[in-house]
Every structure is written in structure tokens, then in C-alpha cells.
Amino acid sequence: MERGLYIAAAGMVAEMVRQDQIANDLANAATPGYKSDRSQQRSFSDLLLQNTKTGETVGSLGSGPLITKQVTDLSPEALRSTQEPLDLGIAGPGYFAVQTDKGVKYTRDGSFKAAADGTLTDQLGNSVLGTDRKPVKVNADGTVDTAKVGNFALTGVKKVGDANFSGTAAGAGKGEVQSGVLESSGVDAGRTMVDMMASLRAFEAGQKAIQTIDGTLQQAAGQVGTLPQ
């Protein structure tokens with residue numbers, strides 16, 4: 001099989017993974033506290049080419065790219081004012097804790113609301129936990145005491161969906177919980193659009209390479225029968 005087909009196909013697969021990651025980032029460009037991802041890739045090991053008769057080294061041949069892992073940028077983003085008393089943001093490091101059906105998860109999305117029982121919840125209805133790891137109560141005037149809202153430092157942070165993270169709590173976060181603000185999304189929409197266009201162009205280049213190789217192979221196969229005996 002033509003090796004160029006494998007190399008071009010590997011590049012297209014890598015760009016498909018990158019397109020999924022970029023599309024997810026763009027979809028969350030307005031999600032408070034969202035953290036963007038970056039794809040890391042490397043090349044498959046190069047092949048060493050040798051002359052089959054003499055054994056002399058001819059050179060190396062690349063085997064195409066490979067996505068090795070996705071890395072999430074967990075850096076705190078700027079806070080923007082909303083003037084909503086139940087919108088909370090953390091200025092600096094730390095995470096809110098919410099009690100979900102699958103255990104305690106953590107988030108930087110502070111767009112909270114008041115439940116019917118007077119507790120503070122996220123938009124999915126999960127209770128926001130305080131520094132004592134119990135649900136936080138909303139005051140009668142519709143505000144919340146930010147000193148009672150838990151802010152936890154985490155290790156081993158991983159995305160688990162719905163703007164939540166998993167991790168191991170390691171004491172209090174160093175950031176300050178503020179009311180009436182939300183953390184901006186970590187997505188730079190302009191840069192992400194440029195990345196999407198670059199990825200699309202790379203995918204198209206791989207597609208054209210495969211079409212060219214395929215056409216060459218078809219032409220070669222068609223000419224075999226016309227060669228003189």
C-alpha cells in the first residue's frame with residue numbers, strides 16, 4: 001500500500017480531533033468559568049530508509065502526526081460585573097463545590113440561583129456547598145454571604161462535563177469569592193476561529209494529497225496492461 005496514503009490519513013484524523021476540540025471551545029465562548037483545551041501532537045517515529053541492495057542509508061521518512069493528549073488551561077480569567085446578587089466569581093485560584101448525583105464536583109461557573117427550599121444551587125439544581133461542606137442558604141433579601149461559600153483548592157483537576165471538574169480537595173482556595181460578578185470564559189473567540197481555519201486547511205491538504213495519490217495509482221494500474229510484452 002502507498003505509504004503516502006497512511007501519512008495523509010493520519011494527518012486528517014489528527015485534524016478531525018482538533019476540529020472537535022475547537023468546536024467545543026467555540027460553543028462555550030460565553031459560558032462563565034469555561035476553560036479552553038489545547039491539543040498536543042507529535043509525529044509517529046520516522047522510518048529509516050536503506051538501499052535494499054547495498055544497505056546504504058538513504059534517509060528518514062516521516063509517518064504522519066498523532067494527537068497525544070488534550071490539555072486544559074486552568075488559568076483564572078477576568079471577572080465581569082453582572083450586578084446579580086447570586087452571580088458569584090472567584091478572583092484568583094479556587095473552585096466552588098456542588099453536590100451532584102455522582103458525588104461532589106467542582107466548578108468555576110458561579111451563575112447560581114435560589115432553590116425553592118432557600119438553598120443556593122447551580123443551573124442544574126445541584127446544591128452549592130459552603131466552607132463546612134453543607135448547602136449554602138440564600139438570605140431573606142435574596143443575597144448570599146460570600147464568606148460562607150466554599151472555595152476549594154484542587155489537585156488532579158479534570159473536566160467531567162456540565163462546566164464541572166473532578167479533583168482532590170486540598171484545603172481552601174487562595175482566591176476571593178465575590179458577589180455580582182461572573183468569570184469570563186477562557187475562550188478567545190478570535191484566536192479560536194483562526195485555529196479552526198488553519199485546521200480546516202490542513203485537513204483539506206491531506207484530502208487533496210490522498211486524491212492525488214489515488215489518481216496516480218489508478219493511472220499506473222491502467223497503463224500496466226498497455227506495456228509491450
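1. Let's start with Asp 162, which counts as exposed because its relative accessibility is 61%, past the 50% cut-off. This is a predicted model, so please read every value below as computed from that prediction. Asp 162 belongs to the loop between β12 (152-161) and β13 (164-172). Its backbone deserves a look too: Asp 162 is not a glycine, yet its phi is positive, at about 55°.

2. For context, most residues other than glycine have a negative phi. Ala 163 counts as partly exposed, because its relative accessibility is 28%.

3. Asp 162 comes up again at the largest pocket, where it is one of the lining residues. The volume of that pocket is about 180 Å³. Besides Asp 162, the lining includes Val 160, Gly 161 and Asn 164, together with Thr 100, Asp 101, Lys 102 and Lys 105. Leu 124 and Asn 126 are also part of the lining. Sorted by class, the lining residues are four charged, four polar and two nonpolar.

4. On to the rings: how many aromatic pairs are there? The count is three. Take Tyr 95 and Phe 165: their ring centres are 5.6 Å apart and their planes meet at 65°, so this pair is edge-to-face. Tyr 95 sits in the loop between β6 (88-91) and β7 (96-100), while Phe 165 is in strand β13, so the pair ties together parts that are 70 residues apart in sequence. Are these two residues, Tyr 95 and Phe 165, buried or exposed? Both are buried.

5. A second pair to check is Tyr 106 with Phe 152. Here the centres lie 6.2 Å apart with the planes at 70°, so Tyr 106 and Phe 152 are edge-to-face. This pair also links distant parts of the chain, 46 residues apart: Tyr 106 is in strand β8 (residues 103-107) and Phe 152 is in strand β12. Tyr 106 and Phe 152 are both buried.

6. Which residue places its charged end over the ring of Phe 152? It is Arg 133, whose charged end sits 4.7 Å from the ring centre.

7. The C-alpha trace spans about 95 × 30 × 30 Å along its principal axes. The radius of gyration is 26 Å, whereas a compact globule of 229 residues would have one near 17 Å. Of the 229 residues, 33% are buried.

8. Ala 9 is part of helix α1 (residues 3-27), and its C-alpha atom is 6.8 Å from that of Gly 206. Along the chain, Ala 9 and Gly 206 are 197 residues apart. Ala 9 counts as partly exposed because its relative accessibility is 32%.

Technical notes: Residues are numbered from 1 along each chain as its sequence is written. This is a predicted model: local features need pLDDT of at least 70, side-chain atom pairs count only at pLDDT 80 or more; totals for chains, interfaces and linings use all residues. Side-chain values use heavy atoms; hydrogens and water are left out. Helices (H or I, at least four residues) and strands (E, at least two) are DSSP runs, numbered from the N terminus. Buried means under 20% relative accessible area, exposed over 50%, partly exposed in between (1.4 Å probe, protein chains only). Rings of Phe, Tyr and Trp (its six-membered ring) pair if their centres lie within 6.5 Å; planes under 30 degrees apart count as stacked, over 60 as edge-to-face and the rest as tilted. A charge sits over a ring if NZ of Lys or CZ of Arg is within 6 Å of the ring centre and within 35 degrees of the ring normal. On a 1 Å grid over the protein atoms alone, a cavity is a set of points where a 1.4 Å probe fits but cannot get out, and a pocket is an open set with protein on both sides within 12 Å along at least five of seven lines; lining residues have an atom within 4 Å of a point. Grid points are joined across faces, edges and corners, and a volume is the space filled by probe spheres set on the points. Ala, Val, Leu, Ile, Met, Phe, Trp, Tyr, Cys and Pro count as nonpolar, Asp, Glu, Lys and Arg as charged, and the others, Gly among them, as polar. The radius of gyration is taken over C-alpha atoms; the globule rule is 2.2 Å times the number of residues to the power 0.38.
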